[in-house]
Structure formats: structure tokens, C-alpha cells
Amino acid sequence: MATDPDTSAARPFPAGFEWGTATAAHQIEGGNWNNDWWAFEHQPGSGVAEPSGDACDSWNRWTDDADLVASMGLDNYRFSVEWSRIEPEPGEWSTAALDHYARQCDGLRERGINPVVTFHHFTNPRWVAERGGWENDDTPKHFADFCHRTATHLGSDRIARACTINEPNIVAFCGWVLGVFPPGVSDLGRAVSVGEHFITGHRGAVDAIRAAASGVEVGLTLSMQEWTPVGDTDDDLAAATSRIAEARQMMEDVFLDATGGDDFVGVQTYSRSRWNGQGMLGAEEGVETLIMGYEYWPRALEATIRRVWEYTGGQIPVIVTENGIGTGDDQQRVRYVTTALEGVLACLADGIDVRGYTYWSLLDNFEWAFGYGPRFGLVDVDRQTFERIPKPSAAWLASVVRANALPGDPPKP
Ligand code: GCO
């Protein structure tokens, strides 16, 4: 068997390990004016850096995106379907929008790529938001109807894997505690109720997708972080650990509790947070802080995979459905992913069932309240012409995928 010369000392991944990259509709399609995010972007005082506008014009240029994914040799492309396009008013379904996503799935499959479809990635149709969004008891049912309709149209021949609700914990926390996502509220009690509705929504979506497209793997994708206790004494550390347990229960555990019977858990990790007995601390001295405000901490991925595996009793396979870094330094991206993948290898070596790794994101895109500042992409997008310009990290990831291995040399610090 031929091996790339630079991979003679390679650290291999198991055969069948799945490689992919991810995007989300509102962050790349452009013109998604009929959802709550678009409204929030244009609401004075919302704090959103700039409107999403045309984004990467991927609604029209999805074939360019599919070509890029294929050129990297990736197995999977994770993208989301936009609820506000498919059901622009309650019970009014757009066949044209559904056909668009069907063509997109077909186009990916023709290129040898598995479509991984996310049914909810942060945005809601305006009509859902006007009725109170995920605070309304009826929203989970409306969402299940949307999932059923969409999964029926796309079918199990097209969808390879389905992600129900992307990071419900982040939507609840950023929308109803920090107030930096729509609806811009700061009320812990309401956030908890939103989280409960998301859990109902997830369970309903699993059933709806399974009923409409049997055989498709279905799971939840959860935002996770490494939680680091900080303290000088054993007592301080114990206080920090119990403070963490409390926060993590709300942010992660309640959602992991809702994944029983799912086909996978999607782990999405970017960094860590540090805590003492009083609460969350800032970055550790000497550790770089990224444009997103959190630490450069690629080892967090390993910690979160281990935590999910332990918490679920090794019952549910793990897929890294997002991991990446927003940086203008593309070499730093390569270092970040290398360290993160070393963590995946360590988990695999311990027998943890990690099925794949998905880099966030294919393109530099609309990073929510941050606008277009943070650059998570393997590919740069010219904001005037929408030309896609692959970065060196795209070629690097392609070489890792080709070898199904990390090159032998450990990364430079
Ligand atoms: C997420 C988000 C993505 C972000 C990414 C980088 O799921 O958190 O799904 O939309 O762009 O995480 O912050």
C-alpha cells in the first residue's frame, strides 16, 4: 500500500474514521431575512457587530462549497436547513426551498460526500419568534412538524446523518442569560424553561426524523467545554469543583440526559473555562486569548470527549461535530487542530468510540454577534466577489485525511 512520504511515522486513525467540515445556513447562505436572527441584527442596541447580509452567498454558490469539500477528500459535509425558508409562515411549506436542499444533498452525494443535515442551527422563523420562540409550549411541536416534513422530502437516501438542535445550551444561555442572541433577554428562570422546551424539541425531532427517514442516524450536537477548577488549597479546589458541578449540570448534563437512545452524541468544543468557588475566572496568565474572548486551549476537545463517554456510560458513540479556531493566523489553525486531533487519538487508544472529526468551518462566515471578524474557515471568502480562496490549512487537512493519520512530527508549541 502506498503511503505519503511525509507520513512514514504517521499516527493513524482507525479505518472508517469519518472526516468532515461544517457550516450553518444563516452563517453562509445570505438573505435569510425571515428569521429572528436577521431581525435581531437590525435591532438598535442588540450589540450585533454587523448584519449577515449576503453572507457567503452559499444559497446560490453551494456547488462551489461542495467542490471545495470534495477537493479536500472529506467524507462528510455538515450543513443546516433553514426553517424560515422551508416554512415561511405557519403551516405554509415551500416546495422550492425543500427542492433546493434536496438538490444540495444530491450534489454532495454525486461528489462522494455524505450530507449531515442539521435541522435547527440557532435561527427560528419570525412567526415562531413572535409567538415567544422556545418559551412557547407549542414550539417543540411546530419544530417536530418541520423536521417530519423536511426529512420526508429529503428522505433516507439523501440524509446520511441528522443533527436535531445545534447547541440548545448556547441558544438558551446566550439568548436568555447573556442577552447577546435573540431575544436578548437576561433572565435565568426563563432560560431554564427554554432549555426544557429544547429537550422536548430534541426528543420530538428524533421521533419525527426516524419516522420520516428510517435508518438515518439521529443525535444532538452540544456545546461543551473543559471545566478547570482553580484553587491553592484542597478546600479551595473542592469549592471550585462543586461550583463547576452546579454550572455544568445546567449547561451540559441536562442535555446529555436527553440523549438516551440516540445514535450518536455530537461534541462541539472550542476552549475551557476556569472556576474557583465563587464563579468563573478569566484567562490564565500566559495563556493566549483568542478573538472570541476565550483561551487558546485545543486540549479541551479530549477532555470533553472523555466526559461525554464517561457520563453516558459508554453507551452512545461520539462524533466531533464541531471543533475549530477563529484566527487570522492560519498556521495557528494547523497547530490547534493537530493538538485537538492528538486528543482524539488518545481517546481512541483508550477504547472510546469516536467515529469522526468535523472541522468548524469550511468558510470564513457570519460569526453571530461578532459579525465577520472571527475567521474560522479553511477557506477565505472575498466579501465583495464571494470568491473562495482556500487557505494552506485546507491543504494540510486534506493531507491528514488522505493519510487518515497525523504526521509523525509533534507540533511546535
Ligand atoms: C456553534 C456554532 C457555530 C459557531 C462556532 C464558532 O455551533 O457554536 O454552531 O455556529 O460559528 O461555534 O463559534
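1. Start with burial. Buried means under 20% relative accessible area, exposed means over 50%, and partly exposed lies in between, using a 1.4 Å probe and protein chains only. At 4% relative accessibility, Trp368 counts as buried. Trp368 sits in the loop between S10 and S11. Its phi is near 50 degrees, a positive value in a residue other than glycine.

2. Some ground rules. The model is predicted: local features need pLDDT of at least 70, side-chain atom pairs count only at pLDDT 80 or more, and totals for chains, interfaces and linings use all residues. Residues are numbered from 1 along each chain as its sequence is written, and side-chain values use heavy atoms, with hydrogens and water left out. Helices (H or I, at least four residues) and strands (E, at least two) are DSSP runs, numbered from the N terminus.

3. Next, charged pairs. Side chains of opposite charge can pair when their charged atoms come close. A salt bridge is a side-chain nitrogen of Lys or Arg within 4 Å of a carboxyl oxygen of Asp or Glu. The whole structure holds 25 salt bridges.

4. Look at Glu18 and Arg161. They form a salt bridge, with the closest N and O atoms 3.1 Å apart. Glu18 lies in strand S2 (residues 18-22) and Arg161 in strand S5 (residues 161-166), so the pair ties together parts that are 143 residues apart in sequence. Arg161 is buried, at 7% relative accessible area.

5. Where does Arg333 lie? Arg333 is found in helix H12. Asp330 forms a salt bridge with Arg333, and the closest N and O atoms are 2.8 Å apart. The two residues are three apart in helix H12 (residues 330-349), separated by about one helical turn. Both ends are buried: Asp330 has 12% relative accessibility, and Arg333 has 1%.

6. The side chain of Arg333 reaches the backbone oxygen of Arg375 at 3.2 Å. It also makes a polar contact with the side chain of Ser393 (3.5 Å).

7. Arg375 is partly exposed at 32% relative accessibility, whereas Asp364 is buried at 6%. Asp364, Arg375, Asp380 and Lys391 are linked in a network of salt bridges.

8. Now the ligand. Which residues come nearest to the ligand? Of the 13 residues around the ligand, these are Gln27, His121, Asn166, Glu167 and Glu367. Here, near means that a heavy atom of the residue lies within 4 Å. A polar side-chain atom of Asn166 lies 2.9 Å from a ligand oxygen. Glu322 also has a polar side-chain atom 2.9 Å from an oxygen atom of the ligand.

9. Check the backbone too. Glu167 has a phi near 45 degrees, a positive value in a residue other than glycine. Glu167 is in the loop between S5 and H8 and is buried, at 6% relative accessible area. A cis peptide bond joins Pro182 and Pro183, with omega about 5 degrees. Another cis peptide bond joins Trp360 and Ser361, with omega about 15 degrees.

Key: A polar contact is a pair of N or O atoms within 3.5 Å; within protein, one must be able to donate a hydrogen and the other to accept it, and residues adjacent in sequence count only if both atoms are side-chain atoms.
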